[in-house]
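User: I have a structure open and want to learn how to read it. Can we go through some features step by step?

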Amino acid sequence: MDLKIAVLPGDYIGPEVMDAALPILEKALAKRGHRLEYSVHPVGGAGIDACGKALPDETLAACRAADAILFGSVGGPKWKDVPREQQPERGALLPLRKQFELFANVRPGLLLPALKASSPIAPARIPDGIDMVCIRELTGGIYFGKPKATTTLENGELEAVDTMRYRTSEIERITDVAIATARSRPRRTICLVDKSNVLETSVLWNKIVTERVAALAPDVTLTHLLVDNAAMQLVANPGQFDVLLTENMFGDILSDEMAVVCGSLGMLSSASLGAGKNRHGFPFGLYEPSGGSAPDIAGQDKANPCAQILSAALMARHSFGLNDVAEDIERAVRETIDAGTRTGDIAFGGASVGTKAMAAAILERV
């Protein structure tokens, strides 16, 4: 397969971890007989510096011509005085989500057994580490529903209204992403998180997801949890979860809770999948680390490249159907960690290596 991607490194540590990830992706693809073609373009603060805006026209055109986007991290103090709508995060990521209708956020929660000490959960509760994925609907729900307004009542009080809306088609397409994700994992289990004892939208979610999994994926086991119970269970027994499926607001909250439970953000990748298909018939997607641009360590060879590397693995899996390539990369990361090679954020005060040495150790194991 010929993979054509747009590489958007971003700001501060973004270019450092991107430079670490690309050779690993290239080697993993070549090992399986595939070829990577990519072009690098400015985005975020780098886009503002180069072209006057966070998402330059040339960058957007390159994304349109690609099969997927490998994204770094954007933003930082250098651009804090830029008008709010034009700031790196808002001026780059939101237009990309809108342009490509990126409706599905796929966020793995990975805590390798060797890194149990990085979690706030007692190690005895997570003897095998944590390995789950949160599938969050990204473009619907209360964040986008109309009406959304603040008005003044006749008695002078202010009243604010947000509206939670979901349609059958929106729920069906995010369920399909959860099914595909579950089928790529050994346990093949989806836990639907909702509030169906209170919310009409959750009743609809429960109905549609249950029917769709039964009809399309009898090989996948579906379970159910109310969102308040799910929040407790993520702390009490995170190892019980395989694939979490939920709507926008619940997913926003639970995926951040999951990130804390899993320790360092330097290990956590993410994907935002679009409604459209690429040349190969797979979902167009944007793949990025869950952490930020870390201005405090930029240029010091200290950043953990694993989240960017694992984001490249997600891209191979979801936008190209190359599970074997994804597994090769994920295995190489796991073996490197197990061998004791660590960047500072996961060294717990012990010996650590820099970004380049960490990437070299992973590259050797691909």
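Analyst: Start with an idea we need at once. A polar contact is a pair of N or O atoms within 3.5 Å. Within protein, one atom must be able to donate a hydrogen and the other to accept it. Keep in mind that this is a predicted model. Now take R107. The side chains of R107 and S290 make such a contact, at 3.3 Å.

User: Is R107 buried or exposed?

Analyst: The cut-off for buried is under 20% relative accessible area. R107 has 10%, so R107 counts as buried.

User: Now a helix. Where does T175 lie?

Analyst: T175 lies in helix α5, residues 168-183. Its relative accessible area is 0%, so T175 is buried. The side chain of T175 reaches back to the backbone oxygen of I171, at 2.7 Å. Beyond its neighbours within four places in sequence, T175 is in contact with V209, R212, V213 and L245.

User: How do I judge whether cysteines are bonded to each other?

Analyst: Check the distance between sulfurs. A disulfide needs two cysteine sulfur atoms within 2.5 Å.

User: How many disulfides does the rule give?

Analyst: The count comes to 0. C51 has 45% relative accessibility, so C51 counts as partly exposed. C63 has a relative accessible area of 0%, so C63 is buried.

User: What about empty space inside a protein?

Analyst: Rolling a probe the size of a water molecule over the atoms shows where empty space is left. In this structure, a search of the whole finds 1 cavity of 30 Å³ or more. The largest cavity has a volume of about 40 Å³.

User: Which residues line the largest cavity?

Analyst: The lining is made of L110, L111, L112, L115, S118, C262, S264, M267 and I346.

User: Now the backbone. Which peptide bond is cis?

Analyst: A cis peptide bond joins K146 and P147, and omega is about 5°. P147 lies in strand β6, residues 145-152. Phi is another angle to check. R188 is not a glycine, yet its phi is positive, at about 50°. R188 sits in the loop between α5 and β8. It has 32% relative accessibility, so R188 counts as partly exposed.

User: What is phi near for F348?

Analyst: Phi of F348 is near 55°, again a positive value in a residue other than glycine. F348 is in the loop between α10 and α11. At 41% relative accessibility, F348 counts as partly exposed.

User: Last topic: loops and distances. Where is G299 found?

Analyst: G299 is found in the loop between β12 and α9. It has 66% relative accessibility, so G299 counts as exposed. Compare two kinds of separation. Along the sequence, G299 and A178 are 121 residues apart, and in space their C-alpha atoms are 38 Å apart.

User: Is E85 buried or exposed?

Analyst: E85 is exposed, with a relative accessible area of 52%. It belongs to the loop between β3 and α4. Setting aside residues up to four places away in sequence, E85 touches R90 and G91.

User: How many residues separate E85 and D301 along the chain?

Analyst: They are 216 residues apart along the chain, and their C-alpha atoms are separated by 32 Å.

Key:
Residues numbered from 1 in each chain as written. Predicted model: local features only at pLDDT ≥ 70, side-chain atom pairs only at ≥ 80, totals over all residues. Heavy atoms only, no water. Buried < 20%, exposed > 50% of the residue type's maximum accessible area, 1.4 Å probe, protein only. 1 Å grid on protein atoms, 1.4 Å probe; cavity = no way out; pocket = protein on both sides within 12 Å on 5 of 7 lines; lining within 4 Å. Points joined across faces, edges and corners; volume = space filled by probe spheres on them. Helix = DSSP H or I, 4+ residues; strand = E, 2+ residues; numbered from the N terminus. Contact = heavy atoms within 4.5 Å.
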